[in-house]
Number of protein chains: 2
Amino acid sequence: MRTSHYLLSTLKETPSDAEIVSHQLMLRAGMVRRLASGLYTWLPTGLRVLRKVEAIVREEMNRAGAVETLMPLVQPGDLWHETERWDQFGPELLRIKDRHHREFVLGPTHEEVITELARKEIASYKQLPLNLYQVQTKFRDEVRPRFGVMRAREFLMKDAYSFHINQDCMDKTYQTMFDAYCRIFERMDLEFRPVLADSGSIGGSLSHEFHVLAQSGEDLIAYADGGDYAANIERAEAPLPTHTRANAAADMHKVATPNAKTIDELVSQFDVAIEHTIKTLIVKASDDADAEFVALLVRGDHELNEVKAEKHPLVAAPLEFATDEQIKTVTGAYPGSLGPVALEIPVIADHWVAVMSDFAAGANEDGQHLFGINWERDLPLPETMDLRNILEGEQSPDGNGTIAMARGIEVGHIFQLGTKYSEAMNATVLDENGKAQTLTMGCYGVGVSRIVAAAIEQNHDDRGIIWPQAIAPFSVVIIPMNMHKSERVQQAANDLYDSLTAAGVEVLFDDRKERPGVMFNDMELIGIPHTVVIGDRSLEKGVVEYKNRQDGNKVEMSLDEVIAKFIG
Amino acid sequence: MRTSHYLLSTLKETPSDAEIVSHQLMLRAGMVRRLASGLYTWLPTGLRVLRKVEAIVREEMNRAGAVETLMPLVQPGDLWHETERWDQFGPELLRIKDRHHREFVLGPTHEEVITELARKEIASYKQLPLNLYQVQTKFRDEVRPRFGVMRAREFLMKDAYSFHINQDCMDKTYQTMFDAYCRIFERMDLEFRPVLADSGSIGGSLSHEFHVLAQSGEDLIAYADGGDYAANIERAEAPLPTHTRANAAADMHKVATPNAKTIDELVSQFDVAIEHTIKTLIVKASDDADAEFVALLVRGDHELNEVKAEKHPLVAAPLEFATDEQIKTVTGAYPGSLGPVALEIPVIADHWVAVMSDFAAGANEDGQHLFGINWERDLPLPETMDLRNILEGEQSPDGNGTIAMARGIEVGHIFQLGTKYSEAMNATVLDENGKAQTLTMGCYGVGVSRIVAAAIEQNHDDRGIIWPQAIAPFSVVIIPMNMHKSERVQQAANDLYDSLTAAGVEVLFDDRKERPGVMFNDMELIGIPHTVVIGDRSLEKGVVEYKNRQDGNKVEMSLDEVIAKFIG
């Protein structure tokens, strides 16, 4: 490809609306352009990377025995009513009407459509297992699309759905997919980690996420230093308390705490250890609860895990915090003075709260706290559960190693769905005895367009992107110095371009009439792995300059050596 | 691919709702399934063909110097307001609102989006010409989607848009695209024809359609027998009259014609030649007209060409016929008794009407006709234009050969858009003198998913599809006879499958426990070009049976000969 016939579209300035590095670099390197909020046009350079990611994903899916299909983006509303997700899904599900006023959605995912296909096309256990996938455009109407293609509204995804006669068969395919996902990210040369995950709104039991590790990752991963365990912090079980509750030593007494609205203020102003304080959080109750609100208690130095909390049947999912005014009405106080004593709504406490004694909490009276509170003496012991995030340094849930933390970008997610969709949509097959069995299902997603951004978050420096070879938009760039003044440079550059291109090497030939500095900067920004600089003076010596984007090393080589390097 | 790991989904019965052969065969061969009206899921076999078509299109676009991009399907309404197509486009343009109540459309085409990109990214004539394309999902909310993927609502299209500093440059790229399109259809081994076309709602001047020739084609193509001319009937200019108007010989007189509602009835009941009759058609007038309706006149034996008619400034576009009641109000009579005499609305006549004399037409009085009508004596000569379809046997508009007719399926369309979009959206570049110039644009579409159906319309027999090699889902199918009873057959089939697959040949291995007849029928239905049947008895003789789907010929070959045939 010659830049003169290409749309390079690099930018010198960092666009002010791009918050994270990948978004900035994708705009600056001319990979994408914003059309509207969360909608991006992929320019040629970006699309080349996207297609390479897509190709690797496709190859590994095929190798793993999955079969490709293509489902519509526009899906009939009926199917979503059948699974009740029409009502359960938030406004991320864009509901539309066609010219005949019939209900449709822009598909954010395809469980309904594939289950509709399966119940019609799979009749017998003999057709199982079957793993169908597609690489397709998805739409999620995010309330606040951000970070460029990392969290766009329209995006490219590979989604696969497997069908099984029983759990045993499901387990085998799940492992096959787990391995395929590892190969996908290994082939892209990305530092990644599969982690145990919560299955969220998709449903099901076992689930793993695949994270590209990067400082900017939105997800926190708890992994075992010295062990195999790794889980999304949302999912990682905190250890049970290692001690039992001590006997009460203090009397409960009320103290004016006008300047202590937070736990930090409380422990800095009063003689109380943070391990002896409680945070009280008021959240909306689920429809199953008798009350309108529920109080959640975690120790002052612990953090509420919202995903764990919303699994409790009394808690509304997704978790929703009460407003200050609602809290005042329910507890008698504004946030900052809340506590469990004499609270008239259901209370759920973290396991570690139940073993506390002589502790402090708000008095449900503005500017007042109670100290020396004790369970069973001053108030009943509430129901307990794992409600908090695991902490760095705690023991790994599987007993091997201690927990460390890393940040990750979720680029893949695999689920055992069980019969959630097949039951709702009555997708059955005949087993060996001619008896109808509900299909067991798995599903497996890869965020194809997100991988492009995640790869950049992990692979860049202050000059631009550093593409892993497997997903680079071009393998080699040829930069001729003052080509328009030197016939010899022109000749050598053209010959090299022709030789490499003929051998299938993907070469970008920068034939613009630009100063060498401009070309160098653009190509480092775009992050092409190998640069060959052809100049008149070095040609005189019979050499050109080769530069590696990864390590920045420069070497002089003859043109023959360059050709041998790439064609081998 | 082994059928045991595949979703074959063939059907024995022809689905009753499929009207045309390609739709029937695509359902029966397990290529697609209907999800909802005009929405199809591509099953593995169909998708394999679709991807081959897509790959050929992409290769030829790249070879022609076009550069690939990918634009969103969901497009902001603002851009459509800018070009005024928000209002001009019919309900095929699905207008939607996102969660924030902002207007969007599901893109049926991408002129607005690409012009938005061009006005931001193309600054200088030095970047031109530039030809950007994408292979992308489109949505058109057809009022009556039909014929399967032939006229679906969601479909796959390649659309390209080129940008130029002047017409000369536009002409060159247009020719390059014309040639690329010819190569695309040649590579697919389809019988096709490029024809002059009307540019319709997309706008612009020069335009060609590419048609796959097939009996079932919706379009009629007028081409010159003994010449190069070919045009969509919509676009083919009818010749000018070869004679002048004869003098009036008869008196105008009214005749009761109670049983003559049509031209055919008129000429069979009365002594008048069809060439001396006139059809009067009442259509809605455009906003530019003073009247609400306009009368169009064509000779009794000629057919109104609606596309030509709606180009007249007084005629509403798209053409809309008046209702019977409206006609009664305007003319005084119902259809069947209409004519130009004493009509009080604008009248536009075909050129061939203006040279008529002593002709018959309705009297604008129910059950009455006028005979012996003559222009300029009985009524003024109206404005004339080419209003009718060209006829078989007439001279070709370019003077070479006589017109013959063929039916075609439109699979490609190329346009010179001129400055229609660039002007509306103010897309300019600086020319060599630093002066802003409005971009000249071309656009080039290929109906990727429609090609699959069109190829079937052209290539099938009563047993099923006959794929051209280049777009066949698989190249070879191996059918083992009673494999589960013969270890020798099993071994030979597996070995052949492994050898061919390892060499990159796309092989389907029918390893189902089915009777040979079922397997043969399925594979002929699917239309795989080459079949290798492996049976115990022929293996004893050291041979297998090779069968060609195209000519039906069977040959015995050794396994080595089979391998040599496909690997070469």
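**Figure 1. Overall architecture of chain A.** In this predicted model, chain A is built from 16 helices and 30 strands. The C-alpha trace of chain A extends over about 95 × 70 × 50 Å along its principal axes. Of the 568 residues in chain A, 58% are buried. Among contacts in chain A that join residues at least 6 apart in sequence, 68% are between residues at least 24 apart.

**Figure 2. The contact between chain A and chain B.** Chain A contributes 56 residues to the contact, and chain B contributes 56 residues. The two chains bury about 4,600 Å² between them, with 63% of that area on carbon and sulfur atoms. On the side of chain A, the residues that lose the most area to chain B are Leu35(A), Leu70(A) and Arg99(A), which together account for 15% of what that side buries. Polar interactions are also present: 20 residue pairs are in polar contact between chain A and chain B, both residues being at pLDDT 80 or more. Helix 2 of chain A (residues 44-63) gives the most to the side that touches chain B, with 5 residues. Sorted by class, this side of chain A has 32 nonpolar, 9 polar and 15 charged residues.

**Figure 3. Salt bridges across the interface.** Side chains of opposite charge can pair when their charged atoms come close. Between chain A and chain B, 8 salt bridges are counted. One salt bridge joins Arg51(A) to Glu68(B), with the closest N and O atoms 3.2 Å apart. A network of salt bridges links Arg51(A), Glu54(A), Arg58(A) and Glu68(A) with Arg51(B), Glu54(B), Arg58(B) and Glu68(B).

**Figure 4. Surroundings of Glu142(B).** Glu142(B) is located in the loop between strand 7 (130-139) and strand 8 (154-164) of chain B. Its relative accessibility is 16%, so Glu142(B) counts as buried. Beyond residues up to four places away in sequence, Glu142(B) touches Arg99(A) of the other chain, together with Arg151(B), Ala152(B) and Arg153(B). Arg99(A) is also among the three residues of chain A that lose the most area to chain B.

**Figure 5. The largest nonpolar core and the setting of Tyr181(A).** The largest nonpolar core comprises 216 residues. Those with the most contacts inside this core are Phe163(A), Tyr181(A) and Trp467(A), along with Phe163(B), Tyr181(B) and Trp467(B). Neighbours within four places in sequence aside, the residues in contact with Tyr181(A) include Met61(A), Lys158(A), Phe210(A) and Tyr444(A). Gly412(A), His413(A) and Ile414(A) are also in contact with Tyr181(A), as are Gly445(A) and Val446(A).

**Figure 6. Surroundings of Glu234(A).** Glu234(A) is placed in the loop between strand 12 (230-232) and strand 13 (253-256) of chain A. With a relative accessible area of 30%, Glu234(A) is partly exposed. Although Glu234(A) and Val307(A) are 73 residues apart in sequence, their C-alpha atoms are 5.8 Å apart in space. Apart from neighbours within four places in sequence, Glu234(A) is in contact with Asp198(A), Asn305(A), Val307(A) and Lys308(A).

**Figure 7. Two salt bridges within chain A.** The structure holds 86 salt bridges over all chains. In one of them, Arg245(A) pairs with Glu376(A), the closest N and O atoms lying 2.7 Å apart. This pair links distant parts of the chain, 131 residues apart: Arg245(A) is in the loop between strand 12 and strand 13, and Glu376(A) is in the loop between strand 18 (368-373) and strand 19 (383-385). Arg245(A) is partly exposed at 28% relative accessible area, whereas Glu376(A) counts as exposed at 58%. A salt bridge also joins Glu524(A) and Arg463(A), with a closest N to O separation of 2.8 Å. Glu524(A) belongs to helix 14 (residues 516-526) and Arg463(A) to the loop between strand 24 (460-461) and strand 25 (464-465), so the pair ties together parts 61 residues apart in sequence. Glu524(A) is buried, at 13% relative accessible area, and Arg463(A) is partly exposed, at 38%.

**Figure 8. The buried pair Lys547(B) and Glu524(B).** The side chains of Lys547(B) and Glu524(B) form a salt bridge of 3.0 Å, N to O. Lys547(B) lies in strand 29 and Glu524(B) in helix 14 (residues 516-526) of chain B, so parts 23 residues apart in sequence are tied together. Both residues, Lys547(B) and Glu524(B), are buried. Strand 29 of chain B covers residues 544-548. Residues up to four places away in sequence not counted, Lys547(B) touches Glu524(B), Pro529(B), His530(B), Thr531(B), Gly552(B), Asn553(B) and Lys554(B).

Conventions. Residues numbered from 1 in each chain as written. Chains lettered and ligands numbered in written order. Heavy atoms only, no water. Contact = heavy atoms within 4.5 Å. Buried area = accessible area lost by both parts, 1.4 Å probe. Salt bridge = Lys/Arg side-chain N within 4 Å of Asp/Glu carboxyl O. Polar contact = N/O pair within 3.5 Å; in protein donor to acceptor, adjacent residues only side chain to side chain. Helix = DSSP H or I, 4+ residues; strand = E, 2+ residues; numbered from the N terminus. Nonpolar A, V, L, I, M, F, W, Y, C, P; charged D, E, K, R; others polar. Core = buried A, V, L, I, M, F, W, Y, C linked by side-chain atoms within 4.5 Å. Buried < 20%, exposed > 50% of the residue type's maximum accessible area, 1.4 Å probe, protein only.
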